[in-house]
Amino acid sequence: MKPDGNPITPAGLAALRARYDHLLGTERPAIVEIVSWAAGNGDRSENGDYLYGRKRMREIDRELAFLARRMKAARVVDPARQEDQSRVLFGATVEIADEDDTRRTLTLVGDDEQDASNGLIGWSAPIARALRGARIGDLRVVHLPGGQKEWEIMTITYPVPA
């Protein structure tokens, strides 16, 4: 299966939903309460609680709108249900080695759940684009800002279906 649009794993969508619910159900009501209390204290132009609260509320509202757009555009793809698990597709965990046999393990996930420090590479990242469709033993060239690098696919794994 070749994801298009904004692919995301079920866990990634759950994380977006949890963040949205936390902001809407916990953080925003707390800030509204602070702003209401601060507004009742008189001069709003010099009231730090009021000014900070209004600013924080705008930030929360912007993030809520962003999360809502991302969740609406998301297309959930369960990596455990990929039909051809012999190739690198969305959700694959891939071990790659360069010409010096330096190995890296990467998991291709949705752009909204990428975390390079934990080996989670966004679907539209250059290395993910280069690895798409590869099989074990294939060589792929990745064009990076520092130049080209060639990687060999050593292993491909997918999660076990629940």
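**Exercise 1.** Is Trp123 buried or exposed in this structure?

*Solution.* The model is a predicted one, and the values below are computed from it. We begin with the relative accessible area of Trp123, which is 7%. A residue counts as buried when this value is under 20%, and therefore Trp123 is buried.

**Exercise 2.** Describe the aromatic pair of the structure, and work out which geometry it has.

*Solution.* The structure holds one aromatic pair, and its members are Phe90 and Trp123, whose ring centres lie 5.5 Å apart with their planes at 75°. Because planes over 60 degrees apart count as edge-to-face, the pair of Phe90 and Trp123 is edge-to-face. Next we place the two residues: Phe90 lies in the loop between strand 2 (74–76) and strand 3 (93–97), while Trp123 lies in the loop between strand 5 (120–122) and helix 3 (126–131), so the pair ties together parts that are 33 residues apart in sequence. Finally, Phe90 has a relative accessible area of 0% and is buried, and Trp123, at 7%, is buried as well.

**Exercise 3.** Which residues form the positive surface patch, and which form the negative surface patch?

*Solution.* The positive patch is formed by Arg44, Arg54, Arg58 and Arg62. One of these residues, Arg58, is found in helix 2 (residues 48–73) and is partly exposed, with a relative accessible area of 45%. The negative patch is formed by Glu99, Asp100, Glu150 and Glu152. Among them, Asp100 lies in the loop between strand 3 and strand 4 (103–109), and with a relative accessible area of 61% Asp100 is exposed, because exposed means over 50%.

Key. Residues numbered from 1 in each chain as written. Predicted model: local features only at pLDDT ≥ 70, side-chain atom pairs only at ≥ 80, totals over all residues. Heavy atoms only, no water. Patch = residues over 30% accessible without salt bridge, like charges linked within 9 Å, V, L, I, M, F, W, Y side chains within 5 Å. Areas by Shrake-Rupley, 256 points an atom, 1.4 Å probe, with all protein chains shown as cover. Salt bridge = Lys/Arg side-chain N within 4 Å of Asp/Glu carboxyl O. Lys, Arg positive; Asp, Glu negative; His and termini not counted. Charge placed at Lys NZ, Arg CZ, Asp CG, Glu CD. Helix = DSSP H or I, 4+ residues; strand = E, 2+ residues; numbered from the N terminus. Buried < 20%, exposed > 50% of the residue type's maximum accessible area, 1.4 Å probe, protein only. Phe/Tyr/Trp six-rings, centres within 6.5 Å; stacked < 30°, edge-to-face > 60°.
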